[in-house]
Amino acid sequence: MIVNSLSLCYHNKLILAPMVRVGTLPMRLLALDYGADIVYCEELIDLKMLQCKRVVNEALSTVDFVAPDDRVVFRTCEREQSRVVFQMGTSDAERALAVARLVENDVAGIDVNMGCPKEYSTKGGMGAALLSDPDKIEKILSTLVKGTQRPVTCKIRILPSLEDTLSLVKRIERTGIAAIAVHGRKREERPQHPVSCEAIKAVAETLSIPVIANGGSHDHIQGYLDIEDFRQATAASSVMVARAAMWNPSIFLKEGPRPLEEVMQKYIRYAVQYDNHYTNTKYCLCQMLREHLESPQGRLLHAAQSSQEICEAFGLGAFYEETTRELDARRGKLLARSPEEVEEPAEDTSGIIKMAVKFDRRAYSPQITPKMCLLEWCRREKLAQPVYETVQRPLDRLFCSVVTVAEQKYQSTLWDKSKKLAEQAAAIVCLRSQGLPEGRLREEGPSLHKRKREAPDQDTGDPRAQEPVLPGELCKKPFLALASGKESPLEGW
């Protein structure tokens, strides 16, 4: 049997399960703070990862894997490097190996998702679809074990019969993987169905490699002591916690869980420090609030449309301002050290009208944006429609846009975090220089045709951005996701 020589120890461990939208860097760090031994990232699809470029983000002290659309697909840092496991969705051995080699120097282990029952995963032959193709499972895992420097694991669900389950896990063990996580439910079952401790126990008693028990949040795990009870009931080496940890990551604390308000504030601090997208931050906080989404704080969270507004809802406005200033100063020093890395928005900046402005969504009418005002004005004046040229700075990936109207160029000198925000800022410069209305609240101006307002800081390229994913009546708006798929997270994928 082949055994990877750089094995991460999977014996007697408390593990944060991979959960879509939840297992991003802030949540992983929070779980480590509260006692988790190993943390899994959310499932990331092989094809998406293979489009990514590895970028060292000096301003954040992170390593980012960045897609061609500039979205950070996976972000990690030195703090978790020896304890983070990268979980991928794949149906092809060679693609899986290519991804493993891309990330292996920045993670502690590689895991293949063979348990997700959702269509967005199974229709590509990934997730639980692999359970019906043992030959493919064996090829993927054997290729990874032989080809990567990191320990390889997989995560499965149980099959319809115990005999078939045991036959499959024996075959999986022979590939040389370091451990196997078993979610004690069948492919068609959901959290409301009872988890089969007996099936996990049978697997644990059959194999010689560590078995990680998963799926106990709904029936068994409400507190720290329940984790050990679940481990004993399944005879597993370790326990992987999903929903219970999503609701309160301090469940890993021996001393007992911390107050939820304290946990959420600590999570928000990590989210701001590591520049987590506000929609992902908001999603995770809504999972923690659960039945309190109708509370005053829940309503403030629901209304928040930026990281700053989330911080203000939790009394962390001053922290946001201070952290943002520190990050901006850090980026400024890095740029000053490496001026050759700075891209100017145009080759010839002479004649460009510039102002230091930013687009603050809260200051504008819900139905109107500066870009809409500028376009409407150009139409009335029978001018060509505005042309926006936007560039991105390599060092910090901020954007700057130049808009051309009637052969005159306009630009904000302040760089912004998204292309849409940068374009709005350029439009503001043009409108203000012409003395035109820009759509600000209480500002009188010509009526505009109603159009759907652009979401200034949201990329809707991900299919899950179109789906309502948050629980409760307050959470009906779609949220930007960080990985491919259309469903909300389920325990034990």
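## Overall composition

The chain holds 16 helices and 16 strands, where helices (H or I, at least four residues) and strands (E, at least two) are DSSP runs numbered from the N terminus. The model is predicted: local features need pLDDT of at least 70, side-chain atom pairs count only at pLDDT 80 or more, and totals for chains, interfaces and linings use all residues. Residues are numbered from 1 along each chain as its sequence is written, and side-chain values use heavy atoms, with hydrogens and water left out.

## Burial and contacts

Of the chain's 493 residues, 58% count as buried, that is, under 20% relative accessible area with a 1.4 Å probe, protein chains only.

Among contacts (heavy atoms within 4.5 Å) with a separation of 6 or more, 69% are between residues 24 or more positions apart.

## The sheet β4-β5-β6

Three strands, in the order β4-β5-β6, form an open sheet with antiparallel pairing; two strands pair if DSSP finds at least two bridges between them. β4 (53–57) and β6 (72–77) are the edge strands, each pairing on one side only. From one strand to the next, the twist averages 25 degrees; axes are lines fitted to C-alpha atoms, for helices over the stretch in contact, and angles run from 0 to 180 degrees between N-to-C directions.

Strand β5 (residues 62–66) is joined to β6 by five bridges, and the two run antiparallel. Val66 has Val72 in β6 as its bridge partner. Helix α1 (residues 25–33) packs on the sheet and touches β5 and β6, its direction making about 30 degrees with that of β6.

Key
Buried < 20%, exposed > 50% of the residue type's maximum accessible area, 1.4 Å probe, protein only.
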